[in-house]
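Me: I have a protein structure to go through for class. Could you take a look at it with me?

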Amino acid sequence: MGKQLDARNQDCPKPVIMTKKALDAIENGELNVIVDNEVAKENVSKFANSKGFKYEVSKNNEDDFIINIIKGTKDNNIDEESNKICEPNTFKDTTIIINSNKMGEGEEELGKMLIKGFIYSLTESLPYPSTILFYNNGAKLTVEGSECLEDLKLLEEAGVEILSCGACLNYYKIEDKLKVGSVTNMYTIVEKMKNATNTITI
């Protein structure tokens, strides 16, 4: 009987992150991950596949999915070279630009949930980016009341530079509510973007 991990009632991407941590904690053996929705099942399965581990998916009496992952046994059908694309080996030279307090277009509630999940995922992905720039509505994520503050503070403590546009903070009248990182200006934003090896805009 392998080790069990209950990842039910967890928002994306937490089931994958929980699975990664559980697998990292064992040298080899079986891990049974329990999830309660199709998306989590697919994501955990894809993660196991990307690492080359053999896995099987089944259902229990409650219609939850159980992904049985065997660590220490590689699937010979997996192309080892293709797995390397999952390793962020240049991420440390990246500047991430966040210009909104939500991710993507569409429903506002979903967008805010996605940006929160994105920032949380950054805390679990090594190496970290060098800088995260916040401007326009994105500056609201670094001030009092933001649900992302805890994760942003973890990133800052780890050495990630957190910069928020001063003009944006002033426009929204929240400059006195900044809780993480420091205030910057457009010149510095341009310089950070120009000098970064990689720039990602969210």
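Predicted model: local features only at pLDDT ≥ 70, side-chain atom pairs only at ≥ 80, totals over all residues.

Me: What about contacts between residues at least 6 apart in sequence?

Reply: Among those contacts, 68% join residues at least 24 apart.

Me: Switching to pockets: what volume does the second largest pocket have?

Reply: Its volume is about 260 Å³.

Me: Which helix gives the largest share of its lining?

Reply: That is helix α4, residues 108-123, which supplies six residues. The lining residues include E109, K112, M113 and K116, and also D11, C12, P13 and K14.

Me: How does that lining divide into nonpolar, polar and charged?

Reply: Seven of the lining residues are charged, four are nonpolar and one is polar.

Me: New topic, T94. Where does T94 lie?

Reply: T94 belongs to strand β5, which covers residues 94-98.

Me: Is T94 buried or exposed, and why?

Reply: T94 counts as buried because its relative accessible area is 2%, and the cut-off for buried is under 20%.

Me: What is T94 in contact with, leaving aside neighbours within four places in sequence?

Reply: With those neighbours set aside, T94 is in contact with P129, S130, T131, N198 and I200.

Terms used
Residues numbered from 1 in each chain as written. Heavy atoms only, no water. Contact = heavy atoms within 4.5 Å. 1 Å grid on protein atoms, 1.4 Å probe; cavity = no way out; pocket = protein on both sides within 12 Å on 5 of 7 lines; lining within 4 Å. Points joined across faces, edges and corners; volume = space filled by probe spheres on them. Helix = DSSP H or I, 4+ residues; strand = E, 2+ residues; numbered from the N terminus. Nonpolar A, V, L, I, M, F, W, Y, C, P; charged D, E, K, R; others polar. Buried < 20%, exposed > 50% of the residue type's maximum accessible area, 1.4 Å probe, protein only.
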